[in-house]
Amino acid sequence: MPELPEVETVRRQLEPLIRGRRISGFELAPGAERLLRGASAAELRDQLRDRRFERVDRRGKYLGLQLDDGRCCVVHLRMTGALHFRRSDHPEERFTRAVFQLADDHQLRFVDIRKFGTIDVVDQMADALPKLGPEPLSDEFDVAALWDALRGRTIALKAALLDQRSVAGIGNIYADEALFLARLHPEVPAGALRARERIALHAAIQTVLEEGVAHGGASFRDYTDTAGKAGEQQYYVRVFRRTEQPCDECNTPIRRTIVGGRATHWCPRCQHPRQKTRNLPHQSRPRSP
Ligand SMILES: [Zn+2]
């Protein structure tokens with residue numbers, strides 16, 4: 001599932017590609033009605049026709065395609081969604097669910113194997129969003145903001161990180177990676193972190209997300225960017241989906257367990273509950289593809 005680094009990669013690529021372009025049509029594939037949350041395909045076509053894209057915003061895992069009438073087309077990629085920017089004569093991808101036809105012979109295509117993604121046109125982006133925690137790569141996200149989200153909570157730390165109301169944009173990949181980097185056991189109660197551990201976790205969250213953005217996101221399965229290309233962060237992960245492979249720090253085999261219903265990858269030695277938090281080297285090493 002695309003997480004903050006994957007969605008941010010799409011945002012950065014998409015903005016210069018669609019800015020100023022006029023929308024001349026909108027088509028929904030048969031059976032893709034559930035992508036639309038508020039309106040029918042015909043209503044959306046009316047709302048989008050002759051509008052221009054002004055910029056692309058992101059909040060958590062949501063994209064906000066700002067229109068020139070002040071309204072916003074909010075897109076959530078969910079499990080397997082992707083936005084591909086193509087010339088109109090480029091062969092249509094399998095699983096293309098919706099097409100924004102642009103006036104200059106280009107298309108923005110919403111491709112989604114599972115059909116869990118959503119498209120919504122609203123007055124402002126916030127209207128389409130659930131309650132979300134702070135943006136982890138923004139100035140508002142400091143150690144105090146992280147602790148505000150975790151304090152008093154007895155659920156497993158990993159589960160708390162996956163809760164979008166704690167911190168926006170973290171999913172399974174970057175939660176496992178951040179916990180490893182901070183040397184924290186995934187099942188330690190979220191509200192039990194000591195001051196030193198909060199500082200380490202805050203730094204680790206920002207490090208792994210920035211690294212993910214720098215590598216164009218992670219493509220373990222379906223994620224592709226606006227050109228249909230895979231990201232490279234999967235070659236740099238420390239623990240995620242490295243079950244039974246040796247830990248970079250201590251050679252102990254990486255363990256896989258289920259925490260809060262999600263597969264969780266961690267080092268039983270580096271992330272031992274009694275392990276003292278200390279800063280690991282922040283630079284990750286690429287593995288061979
Ligand atoms: Zn280790």
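Student: In what order do the strands of the open sheet with β2, β3, β4 and β8 stand?
Tutor: This is a predicted model. Its open sheet of four strands has antiparallel pairing. Read across the sheet, the order is β2-β3-β4-β8.

Student: Which are the edge strands of that sheet?
Tutor: An edge strand here pairs on one side only. That applies to the strand at residues 53-59 and to the one at 118-122. The edge strands are therefore β2 and β8.

Student: What is the average twist from one strand to the next there?
Tutor: The twist is taken from each strand to the next and then averaged. For the sheet β2-β3-β4-β8, the average is 20 degrees.

Student: How many bridges join β2 to β3?
Tutor: Strand β3 covers residues 62-67 and runs antiparallel to β2. The number of bridges joining β2 to β3 is six.

Student: Which strands of this sheet does α1 touch?
Tutor: Helix α1 spans residues 4-18 and packs on the sheet. Its direction makes about 170 degrees with that of β2. The strands touched by α1 are β2 and β3.

Student: Is α1 parallel, perpendicular or oblique to α6?
Tutor: Helix α6 covers residues 195-214, and its axis is 8 Å from that of α1. The two helices pack at an angle of about 40 degrees. Angles under 35 degrees count as roughly parallel and those from 65 to 115 as roughly perpendicular, so α1 is oblique to α6.

Student: Which residues of α6 make the contact with α1?
Tutor: α1 passes α6 in a right-handed crossing. On the α1 side, the contact is made by Leu4, Pro5, Glu8, Thr9 and Arg12. The contact residues divide into four nonpolar, two polar and two charged. On the α6 side they are Leu209, Gly212 and Val213.

Student: At what angle do α5 and α6 pack?
Tutor: Helix α5 covers residues 172-181, and its axis lies 8 Å from that of α6. Angles over 145 degrees would count as roughly antiparallel, but α5 is oblique to α6. The angle between them is about 130 degrees.

Student: How do the residues of the contact of α5 with α6 divide by type?
Tutor: α5 passes α6 in a right-handed crossing. From α5 come Tyr174, Glu177, Ala178, Leu179 and Leu181. The α6 residues include Leu201, Ala204 and Ile205, as well as Leu209 and Gly212. The division is nine nonpolar, two polar and one charged.

Student: What is the order of the open sheet that holds β1, β5, β6 and β7?
Tutor: Four strands form this open sheet, with antiparallel pairing. Its edge strands are β1 and β5, each pairing on one side only. Neighbouring strands are turned by 15 degrees against each other on average, direction ignored. The order is β1-β6-β7-β5.

Student: Which helix packs on this sheet by touching β1 and β6?
Tutor: The helix in question covers residues 41-48. Its direction makes about 165 degrees with that of β1. The helix is α2.

Student: How many bridges join β5 to β7?
Tutor: The two strands run antiparallel. Phe85 has Leu108 in β7 as its bridge partner. The number of bridges between β5 and β7 is seven.

Student: Which residue in the turn between β6 and β7 has a positive phi?
Tutor: Five bridges join β6 to β7, and the two run antiparallel. They form a hairpin with three residues between them. The phi in question is about 70 degrees, and the residue is Asp105.

Student: Is Phe100 buried or exposed?
Tutor: Phe100 lies in strand β6, where six of the seven residues are buried. The residues it touches include Gly25, Phe26, Leu48 and Phe53. The cut-off for buried is under 20% relative accessible area. At 0% relative accessibility, Phe100 counts as buried.

Student: What is the bridge partner of Phe100 in β7?
Tutor: Phe100 also touches His106 and Gln107, among others. Its C-alpha atom is separated by 7.8 Å from that of Ser24, 76 residues apart along the chain. In β7, the bridge partner of Phe100 is Leu108.

Note on methods:
Residues numbered from 1 in each chain as written. Predicted model: local features only at pLDDT ≥ 70, side-chain atom pairs only at ≥ 80, totals over all residues. Heavy atoms only, no water. Axes fitted to C-alpha atoms, helices over the stretch in contact; angles between N-to-C directions. Left-handed = near helix turned anticlockwise from the far one by under 90°. Contact = heavy atoms within 4.5 Å. Nonpolar A, V, L, I, M, F, W, Y, C, P; charged D, E, K, R; others polar. Buried < 20%, exposed > 50% of the residue type's maximum accessible area, 1.4 Å probe, protein only. Lists of a residue's contacts leave out its neighbours within four places in sequence.
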